[in-house]
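Here is a friendly walk through one protein model. Take a look at the structure, and then we will visit a few of its places together.

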Amino acid sequence: MNKKKLLKIFTVVFLLAVIAAVCVYLIYSYSEIKAGLKTINDDYTSETISLNRQQGEENLFTLKDAPTEIYFLDEPLNVETYFYSGRLYVPFEETYDKIVSPMGENSEEYGVKLDNFIFSGYSGEKINPYFMEIDGRCFISFYKIVKGIGLAAVFDGENDKAYIYYRKTDTSDLPELVKSEDSKPAVLRLEDITPDGYCQSPRYTDEGLEKLRAVGEYLERREQTFYIAAILRYVNPDEGIDVDLTKMTNTYTADFMYTLDYLIDKGGKIIIHGYTHQFDNYFSADGFEFGHISTLSRQERAERLVMARDNAEMLGFDNSMWEFPHYGASLSDLKMAEEVYSVIFQGAGFLNLNKSKYVKTKTASDGHTVTYVPLPAYYLNNIYELDDMLERIQDCEDKGCVVGLFFHPSIDFEKIEIDTTPWGVRNWYYTPYWALPVMTDKIIGDGYTFTDFEEYLQ
């Protein structure tokens, strides 16, 4: 047999093998999709999901005495404190009077605008979500009263204390660059925000949470909006830690909730970033949870997708957006997520390999629209890779695709300084030469603005 015949035979065999492999893949894909859809539909009412919601509601919506002591300028206010909905509550009128009275004529000097202290929705009979009635008295979320008067809060979870200080925002240190009216859209996500304060190497201690608030304020002052990839249950098996914000409420978790409320008010939007962002002995934010590497069964994955959504809802956050931990997802994982969420922060490229550089929409099996949002500039691993990030941003701009990136805020914490003046003003100083300020300068200077991904759909 000559070489030409051998080559033809080899080519035919090769093509048949390729066709067979494609057929096997398509059959496998179809079976994966079908199995995933069946699992998610079956597990919407599973006992695990029902128990999770029952326990969460019992903890969050049962009024509890809080051990947290409130101080104003280091003087105890001696007011009652309660936990509810994962948040700290204080008596409205009593706390307000005890804060305002010692201010006197200093209030305007420290940026306090008492005439703007307006709370819509409170009438004595009907109370909005940040107010509640206890024994005929009006109580208010600690975050809302601190925000309403224009002050700053500092938590000490270990000693069950929260301090209130003056807060004077000075914009003189902001760069001269300002966003233009016709700026193009860019997307920023703050990654892996989780209550890890009890672990041996935490990012978000009480101090870390205050610095995270400084990041949010910085972005607001530069008129940039952002997304918050939140892991609402932190699990670390090796250290015996399990902080589920729907099952545990204490001064530290109230600080975490205070910070999320703060970031949302500064223009942030919650993305649910996994249920625990881990499996087996991995710890949250380090391990995978879905995808082929995970040892979790399809049923367990379906339950986690739904419980993550339920937890966000119980805590009072938007529960429509999802991000797979490390973008790890099998075909059935993706199909199940499409049934639960309307936005998935992940590329929707060929074979779902996260190669897409554009926002795409598709229709889920139940008929609702699902939007896939990629961030092709990827992420900043450490400050030493900042130049590489700037090059990737430039590449996205040059190609006309989504100018999107994600960033772990703790990279900048060493360059955020905090102090309190002798007269009680809490100050935050954010160096202009570190990661987020430099990336923001790049974005604004090139005529872009960190904003909502929906801008790309228009």
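## A covered aspartate

Asp-333 lies in helix H8, which spans residues 331-340. Helices (DSSP runs of H or I, at least four residues) and strands (DSSP runs of E, at least two) are numbered from the N terminus. Is Asp-333 buried or exposed? Asp-333 counts as buried, because its relative accessibility is 0%. Here, buried means under 20% relative accessible area, exposed means over 50%, and partly exposed is in between, using a 1.4 Å probe and protein chains only.

Which residues does Asp-333 touch? Not counting residues up to four places away in sequence, they are Phe-290, Gly-291, Arg-301, Leu-305 and Phe-324. Contact means heavy atoms within 4.5 Å.

## How to read this model

This is a predicted model, in which local features need pLDDT of at least 70 and side-chain atom pairs count only at pLDDT 80 or more, while totals for chains, interfaces and linings use all residues. Residues are numbered from 1 along each chain as its sequence is written, and side-chain values use heavy atoms, with hydrogens and water left out.

## The whole chain

The chain has 10 helices and 23 strands. Of its 458 residues, 53% are buried. Take the contacts between residues at least 6 apart in sequence: 71% of these join residues at least 24 apart.

## A strand residue and a mostly covered helix

Asn-236 is found in strand E12, residues 233-236. With a relative accessibility of 5%, Asn-236 counts as buried. Leaving aside neighbours within four places in sequence, Asn-236 is in contact with Cys-199, Ile-241 and Phe-283. Asn-236 and Ala-285 are 49 residues apart in sequence, and their C-alpha atoms are 9.8 Å apart in space.

Now look at helix H4, residues 142-149. How many of the eight residues of H4 are buried? Six are, so the helix is mostly covered. The buried ones are Phe-142, Tyr-143, Lys-144, Ile-145, Val-146 and Ile-149. After H4 comes Gly-150, which has a positive phi, near 85°.

## Helices H2 and H7

Helix H2 (residues 47-60) packs with helix H7 (residues 298-314) at an angle of about 20°, and their axes are 10 Å apart. Axes are lines fitted to C-alpha atoms, for helices over the stretch in contact, and angles run from 0 to 180 degrees between N-to-C directions. That angle makes H2 roughly parallel to H7. Angles under 35 degrees count as roughly parallel, over 145 as roughly antiparallel, 65 to 115 as roughly perpendicular, and the rest as oblique.

H2 and H7 cross in a right-handed way. A crossing is right-handed if the near helix is turned clockwise from the far one by less than a right angle, and left-handed if anticlockwise. From H2, the contact uses Thr-48, Ile-49, Asn-52, Arg-53, Gly-56, Glu-57 and Leu-60, and from H7 it uses Glu-303, Val-306, Met-307, Asp-310, Asn-311, Glu-313 and Met-314. By class, the contact of H2 with H7 has five nonpolar, four polar and five charged residues. Ala, Val, Leu, Ile, Met, Phe, Trp, Tyr, Cys and Pro count as nonpolar, Asp, Glu, Lys and Arg as charged, and the others, Gly among them, as polar.

## Two partners of H10

Helix H9 (residues 386-399) and helix H10 (residues 435-445) pack at about 25°, with axes 11 Å apart. H9 and H10 are therefore roughly parallel to each other, and their crossing is right-handed. Leu-386, Met-389, Leu-390, Ile-393, Gln-394 and Glu-397 of H9 meet Ala-435, Val-438, Met-439, Lys-442 and Ile-443 of H10. The contact of H9 with H10 divides into eight nonpolar, one polar and two charged residues.

Helix H5 (residues 206-221) also meets H10: their axes come within 11 Å and cross at roughly 20°. That makes H5 roughly parallel to H10, and the crossing of H5 and H10 is right-handed. The contact is made by Val-215, Tyr-218 and Leu-219 of H5 with Leu-436, Pro-437 and Thr-440 of H10. By class, the contact of H5 with H10 has five nonpolar, one polar and no charged residues.

## Cysteines

A disulfide is a covalent bond between the sulfur atoms of two cysteines. How many disulfides does a search of the whole structure find? The search finds zero, where a disulfide is taken as a pair of cysteine sulfur atoms within 2.5 Å. Cys-401 is in no disulfide, and its nearest cysteine sulfur, that of Cys-396, is 4.0 Å away. Cys-401 counts as buried at 4% relative accessibility, and Cys-138 is buried with a relative accessible area of 10%.
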